[in-house]
Every structure is written in structure tokens, then in C-alpha cells.
Amino acid sequence: MLSSIKPSSSSFSTAISGSVRRSIPTKLKFSPLLIIKNCHNQSFNANVVSHQKPLHISSASNFKREVKVEAYEADRSRPLDINIELPDEQSAQKLKIGIYFATWWALNVVFNIYNKKVLNAFPYPWLTSTLSLACGSLMMLVSWATRIADAPKTDLEFWKTLFPVAVAHTIGHVAATVSMSKVAVSFTHIIKSGEPAFSVLVSRFFMGETFPLPVYLSLLPIIGGCALAAITELNFNITGFMGAMISNLAFVFRNIFSKKGMKGKSVSGMNYYACLSMMSLVILTPFSIAVEGPQMWAAGWQNAVSQVGPNFVWWVVAQSVFYHLYNQVSYMSLDQISPLTFSIGNTMKRISVIVASIIIFHTPIQPVNALGAAIAIFGTFLYSQAKQ
């Protein structure tokens, strides 16, 4: 019991002074750590009072070892390994995506302009669609043969899974071209901005997929805006309207088949679209011959050249080349970004096409028609946010 121990003051001081003289090395007397020294003195007092035994420090090396361990543990807690190159890599990635988007929109605007010029002088959308696919396929074959681009490694299973995607892509491509041959480019793209509504409806009723309430609510401005734009369109044509609607439906199925069939495939976006173009060309060519035929093409070509002149040939080449390039860049962009970012970029692309076509072709548009287009495009943006 502590209460029963009553050492004299002389014995207490003698024990302390004697123990310190015998046990503590001389070098420790000059330690600047006053707090540690006071703690040691308190330990000495507790030990003497409770046990009447002096505190012995076996060696100064043990004391130093403890200090070293504490310093090492403190160093481990500091985040010294910092990758200073990370901000530069992120900035480079953002710049790369920005270049992809700007190139994608610019190429798409140029394609739509030349495509409409060709269709105004040469109203044969089936042949025009075929030439677009043929030009892209030829460009990629030359790139692979000259090793400008690495050829993809494919097998029979790859082409089997690609077939339904190519069928849907062919239908969507031809339907959009038929639409542009009958109505203004701006009207076609306003109707095509309603593609998210088809995506939700097809996924819900054919695939059994459900969506949260905000996604369904975002369809209201899309459908309402497209309807308002169609009703107030000055040059409304039922064939052009139906062509844009069929294109929306076909591209939705293309996206669904593509997601299912391309899981686990290692083909890049550029080569994937090249293979898609080649298979679509094989599918489309016999139908183009059956629907329009070489005789109609020859007569229409002579008429276009006589009206436009030699520039008509360059228009055809330009629309074919830019069609492949803008689609190729879009697939390359999809390799670098999320589907949500891609859908937002696609919405902004339509805005640029609509505005550019109205300016270049002097398309007459009423304020109510412009309001419908704005509502539909804004609904598409809300859909992309709600889907996320």
C-alpha cells in the first residue's frame, strides 16, 4: 500500500542521486528534450515510491533505437510518392477528346452540306448511300494494304455477330439519305433528335428493360418538340418524315445489336466501323440495283453533270469521303469517352448541323418551328442527364 510507505527525505534524495550517478550516461544529462526528461523524473519518482528501487536504463543504444523507430513510422505516414505527371496526362486526354469532338462535328457538317447538294442535283438516295459505303471501304482497304493502319484480327464468329449490326446500319443509312432527298437537312436532323425516345421504347417493350421516372419524363419534350417542328415545317414531306423515323428505329437496333455482339472483342473503333461499312456495302448493293438500277443512274448522272458541271463529280467524292471520316471519328471518340458524354456530343452535333444547313441553304423557318426544334434538342439533353 502506498499509504504505508514513509521513506525519509534523506533516503529519498540519496536514492535518486545515487541511481542517477550510477546508471544514466553522461551524454544524456545534456539532452534538450525537457519534456522527456521530466517524464523520466516522474517515472523515477513513481518507481522509488512504489517499489523503493531505482530506475535503470540498460544502455543508451536502446534509447536511440526507440527514437529511430518512431521517426521511421512518422516518415511512412507521409505521401511522398506523388505522380507529378498525372495533371499533364489528364490535360492531354481532355485535349485529345476535344479534338475528336471538334473534328467529328466539322466533318459531319461538311458531309451534310455536300450530301444535300448531291441529292438536289441527283435525287437517287440508294446509289448515293452505296457510294458512301464503297468509298469508305476502299479507303480502309488501302490503309490496311499500305500498313497505314493495322488490319483487324477477325474470325467467322466476329462476322456473324456483326451481321445484324450491319443490317440495321444499312437500313438506317439509306432511310436517312432518303429523308434528306425529300426535305431540308435541318428538318431531318430535328426528327432524328428523337432517337432517344425510340431507344427507351424499344428497350422497354422488346428487351424488357426498365428506366427511372426522370428518363420517361425527359421523353415528353423530345416527342412534343419533334411534333411541333413537324407540324410547322413549311416543306413537309411524308416520305422525308418517315425516312427520318425509320432511321431512328434502325439505329436504335444497331446500337442494341452492337452492345450484345461486340462484348469481349478487341477490335478498335476505327477498324470496327470499317468492317461494318464493308458488310453494309455487300448488303446494300443488290437492293440499290433492284430499286433504282443502272439505267436510271446513267440518265440522272448526265442530267446532273449538264446542270452543275464538273463540280458535281467532286461533290459526290466529297460527300462519300466525309461520310466515312465523320463516322470513323465518332467511333474513335466512343473508344475514349463514356456513352453519356458521347450522347451529349451527338446532341451538340445535331445543333451545329441544323444551324449550318439553315445558314448555307437559306432554309425558311418559322419561329414556332425553331421553338419545336429547341424543345426537342433540350429534351435530348435532359434524357442524357436522366439516363446517367
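Which residues does UniProt list for "transmembrane region"? The UniProt entries are residues 95-115, 122-142, 158-178, 211-231, 233-253, 281-301, 305-325 and 358-378. The views below are taken from a predicted model.

**View A. Two of the spans listed by UniProt as "transmembrane region", residues 158-178 and 281-301.** Residues 158-178 are 100% helix and 0% strand. The end C-alpha atoms of that span are 30 Å apart. Residues 281-301 are 90% helix and 0% strand, with end C-alpha atoms 21 Å apart.

**View B. Helix α6, residues 156-182.** The helix has 27 residues, which at 1.5 Å a residue should span 39 Å. Helix α6 bends by about 35° at Phe163. A proline, Pro164, follows within four residues of the bend.

**View C. Packing of helix α5 (residues 125-145) against α6.** The two helices pack at an angle of about 130°, and their axes are 9 Å apart. Helices α5 and α6 are therefore oblique to each other. Their crossing is right-handed. On the α5 side, the contacts involve Pro125, Trp126, Thr128, Ser129, Ser132 and Leu133. These meet His169, His173, Val174, Thr177, Val178 and Ser181 in α6.

**View D. Packing of helix α9 (residues 213-231) against helix α15 (residues 367-387).** The angle between α9 and α15 is about 160°, with their axes 7 Å apart. This angle makes α9 roughly antiparallel to α15. The crossing of α9 and α15 is left-handed.

How values were computed:
Residues are numbered from 1 along each chain as its sequence is written. This is a predicted model: local features need pLDDT of at least 70, side-chain atom pairs count only at pLDDT 80 or more; totals for chains, interfaces and linings use all residues. Side-chain values use heavy atoms; hydrogens and water are left out. UniProt positions are given in the numbering used here, feature names are shortened, and annotations may be inferred rather than shown by experiment. The expected span of a helix is 1.5 Å times one less than its number of residues. The bend at a residue is the angle between axes fitted to the seven residues ending there and the seven starting there. Axes are lines fitted to C-alpha atoms, for helices over the stretch in contact, and angles run from 0 to 180 degrees between N-to-C directions. Angles under 35 degrees count as roughly parallel, over 145 as roughly antiparallel, 65 to 115 as roughly perpendicular and the rest as oblique. A crossing is left-handed if the near helix is turned anticlockwise from the far one by less than a right angle, and right-handed if clockwise. Contact means heavy atoms within 4.5 Å.
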